Amino acid sequence: MVQRVNYRRRLSYNTKSNRVRISKTPGGNLRYLHVKKPAKGPRCGDCGSSLAGLPALRPREYSRLSKTQKNVTRAYGGSRCGSCVRTRIVRAFLIEEQKIVKKVMKAQAKK
């Protein structure tokens, strides 16, 4: 006959936050082990892809990390992925170039 096992916490329903797996103790008893939710990890705010170089942890666990472990040493590091940062920089550069071209065309039109 199979040994019965009970939840070890007060929540008695099979919900997402109450996932368990059965483990055998050294004494030979079966016991539920509560499993933590898998972490999704930080994502880029623009494109939604996962950010490289950052650990995938549950939100509360980020408070235990130092600042250098939560970001990448780059502009927008830890918030945007590298390709999105590149497109932002190129876009800003092209807009500034366009302003200069407009100013030059206006000066030539006055002559």
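Here are some friendly notes on this predicted model, point by point.

1. Ground rules. Because the model is predicted, local features need pLDDT of at least 70 and side-chain atom pairs count only at pLDDT 80 or more, while totals for chains, interfaces and linings use all residues. Residues are numbered from 1 along each chain as its sequence is written, and side-chain values use heavy atoms, with hydrogens and water left out.

2. Salt bridges, the count. Side chains of opposite charge can pair when their charged atoms come close. The rule here asks for a side-chain nitrogen of Lys or Arg within 4 Å of a carboxyl oxygen of Asp or Glu. By this rule the structure has 4 salt bridges.

3. Asp46 and Arg80. In this salt bridge the closest N and O atoms are 3.1 Å apart. Asp46 lies in the loop between strand 2 (30–34) and helix 1 (67–70) and Arg80 in the loop between helix 1 and helix 2, so the pair ties together parts that are 34 residues apart in sequence. Helices (H or I, at least four residues) and strands (E, at least two) are DSSP runs, numbered from the N terminus.

4. Asp46 and Arg88. Arg88 also forms a salt bridge with Asp46, and here the closest N and O atoms are 3.2 Å apart. This pair links distant parts of the chain, with Arg88 in helix 2 and Asp46 in the loop between strand 2 and helix 1, 42 residues apart. Asp46 is partly exposed because its relative accessibility is 42%, and Arg88 is partly exposed too, with a relative accessible area of 27%. For these words, buried means under 20% relative accessible area, exposed means over 50%, and partly exposed is in between (1.4 Å probe, protein chains only).

5. A pair within helix 2. Glu96 and Lys99 meet through their side chains in a salt bridge of 3.5 Å, N to O. Being 3 residues apart in helix 2, these two are separated by about one helical turn. Glu96 is partly exposed at a relative accessible area of 43%, and Lys99 is partly exposed at 48%. Elsewhere, salt bridges that share partners join Asp46, Arg80 and Arg88 into one network.

6. Tyr76, worth a look. The residue sits in the loop between helix 1 and helix 2. With 46% relative accessibility, Tyr76 counts as partly exposed. The charged end of Arg88 sits over the Tyr76 ring, 4.6 Å from its centre; the criterion is NZ of Lys or CZ of Arg within 6 Å of the ring centre and within 35 degrees of the ring normal.

7. Cysteines. How many disulfides does a search of the whole structure find? The result is 0 disulfides, where a disulfide is a pair of cysteine sulfur atoms within 2.5 Å. Cys47 is in no disulfide, and the nearest cysteine sulfur, that of Cys44, is 3.6 Å away. For Cys84, the closest cysteine sulfur is in Cys81 at 3.4 Å, too far for a bond. Is each of these buried or partly exposed? Cys47 is partly exposed, with a relative accessible area of 47%, whereas Cys84 is buried at 10%.

8. A nonpolar patch. Val90, Phe93 and Leu94 make a nonpolar surface patch of about 300 Å². Patches are made of residues with over 30% relative accessible area and no salt bridge, joining like charges within 9 Å and nonpolar side chains (Val, Leu, Ile, Met, Phe, Trp, Tyr) within 5 Å. The areas come from the Shrake-Rupley method with a 1.4 Å probe, and for residues only the protein chains shown count as cover. Val90 has its place in helix 2 (residues 82–110) and counts as partly exposed at 43% relative accessibility.

9. Two distances to check. For Lys70 and Val20, 50 residues apart along the chain, the C-alpha separation is 29 Å. Lys70 is in helix 1 and is partly exposed at 35% relative accessibility.
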